Amino acid sequence: MGFLDNLFNMADKREIKAFSKVADKIDAMEPKFEAMTNKELKNMTNIFKERLAKGETLDDILPEAFATVREASKRVLGLRHYNVQLIGGMVLHQGRIAEMKTGEGKTLVATAPVYLNALEGKGVHVVTVNDYLAKRDRDQMAQVYEFLGLSVGVVVHGQNPVERKKQYDCDITYGTNNEFGFDYLKDNMVSSNSQKVQRDLHYAIVDEVDSILIDEARTPLIISGPGSKPASLYLDADVFVRTLDEDDYEKEEKEKAVSLTASGVDKAEKYFNVTNLSDISNTELNHHIKQALKAHVIMKKDIDYVPKDGEIVIVDEFTGRLMFGRRYSEGLHQAIEAKEGLDVQSESVTMATITFQNLFRMYKKLSGMTGTAKTEEQEFIKIYGLEVFQIPTNKPIRRVDLPDAIYKTKRGKIRAVVREVKRRHATGQPILIGTTSIEQSEELSHYLKKE
């Protein structure tokens, strides 16, 4: 271990010691809060708000507010925050990332900082990766917040603007990064402030923060309107591409790119009766041919997209979920529609767009939780100014993390995985296998089925 690593560990230990002192202070208050009636405990919310109005800060009331949430959680959910969970809550309140091992109860950890920051009345957003988790976490944890007199909303797909505004006006709002992002874009397109659904972006806690703020950071959210290009251009390009041989184009699977070779360009010029495909006057034709080529050669049915009910539905490359309502840009979606023999819808024109990276940097205070963030700490600091703090587990870890096994070939790796699965399956042990794509999952599934 290097000198810098020792320094960081010493700094972490000092902070853990400081956090533990606050947790001990909260522990000391527990008998006082246990003795309160439900009415007295609920009234603590009003007391805290009054103290904030008189000039006290959130840090001033943190120990008592955390003690209040812990007692409310015990009474409503039957769950008592461990001290390490309280420490995780302190880290989130400070606007940092809490790295906590799987199974350490991150959902419960968030309740203390969410309650504390919601007391300001400016709105707290709890961001999850999908609608199911947003609704599940809201339904579970709202019992604690509502017991303490706070309102809790959830923003999910399909809600109308009136319903959405009602959810955002709550003290605490659960939702996905997509929903928060699209609502932000829509609010910037309305003609008057009264039509906006969101309030100011005040404080957010992002669950699976590495996935949302790093893996999907540059994913653009796009709101588009109908364009004016006729469908015939897509259909003509599609018919032409079907006449090409493999020698007429070259592809780069890794980059998801494809281009015509000299023979392909020659065929295109003859087919479309043009003298120079690269001429500026043929820019639009060239673009349509490239998109049709990409649709046929790069985009795979049931892997990248699925034809469903007369439409092309995109498959999320990270999760494998169908992304209803999302469309590829720059004419690629239309090219796939032509390829699959569906009605080609008019190409859309981008009206508003933002990346998750830019969206979440606009929050006045941002924090997050995950099981894996330390390895990406420098990115978090550089892009968002977010430090990662590793929270100790409540009990010593019994899991053994084995070293990586490296294989010369992909085939050798898959065979080794299959052998290991067979060995462990024979003992009745359940096994979770993670891959980076649907394609890899299907390939591994094929070999497992053979066994």
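Modeller: Here is a short chat about sheets, helices and salt bridges.

Biologist: Before we start, what am I looking at?

Modeller: This is a predicted model, so local features need pLDDT of at least 70, side-chain atom pairs count only at pLDDT 80 or more, and totals for chains, interfaces and linings use all residues. Residues are numbered from 1 along each chain as its sequence is written, and side-chain values use heavy atoms, with hydrogens and water left out.

Biologist: Great. What is the strand order in the open sheet of seven strands?

Modeller: The order is β3-β4-β2-β5-β13-β1-β14, and the pairing is parallel. Strands here are DSSP runs of E with at least two residues, helices are runs of H or I with at least four, and both are numbered from the N terminus. Two strands pair if DSSP finds at least two bridges between them.

Biologist: Which strands are at the edges?

Modeller: β3 (152–155) and β14 (388–390), each of which pairs on one side only. On average, neighbouring strands of this sheet are turned by 20° against each other, direction ignored.

Biologist: How many bridges join β2 and β4?

Modeller: Five bridges, in the parallel sense, between β2 (residues 124–128) and β4 (residues 172–176). One example is H125, whose bridge partner in β4 is T173.

Biologist: Which strands does α7 lie across?

Modeller: Helix α7 (residues 131–147) lies across β2, β3 and β4, and runs at about 175° to β3. Helix α8 (residues 161–168) packs on the sheet too, touching β2, β3 and β4, with its direction at about 135° to that of β3. Contact means heavy atoms within 4.5 Å. Axes are lines fitted to C-alpha atoms, for helices over the stretch in contact, and angles run from 0 to 180 degrees between N-to-C directions.

Biologist: Switching topic: how many residues of α9 are buried?

Modeller: Eight of the eleven residues in α9 (residues 177–187) are buried, including F180, F182 and L185. Buried means under 20% relative accessible area, exposed over 50%, and partly exposed in between, with a 1.4 Å probe and protein chains only.

Biologist: Which residue does R164 form a salt bridge with?

Modeller: Its partner is E179, with the closest N and O atoms 2.8 Å apart. R164 lies in helix α8 and E179 in helix α9, so the pair ties together parts that are 15 residues apart in sequence. Both R164 and E179 are buried. A salt bridge is a side-chain nitrogen of Lys or Arg within 4 Å of a carboxyl oxygen of Asp or Glu.

Biologist: And how many salt bridges are there by this rule?

Modeller: The count comes to 30. Another one joins the side chains of E30 and K74, at 2.9 Å from N to O. E30 sits in helix α1 (residues 3–34) and K74 in helix α3 (residues 58–76), so this pair links parts 44 residues apart in sequence. E30 counts as buried at 11% relative accessibility, while K74 counts as partly exposed at 22%.

Biologist: Last one: what is the strand order in the open sheet of three strands?

Modeller: The order is β9-β10-β11, with antiparallel pairing. β9 (305–308) and β11 (322–323) each have a single partner strand, so one side of each is left without a neighbour in the sheet. Strand β10 (residues 311–315) pairs with β11 over two bridges, and the bridge partner of I314 in β11 is M323. Helix α14 (residues 332–339) lies across β9 and β10, at about 120° to β10.
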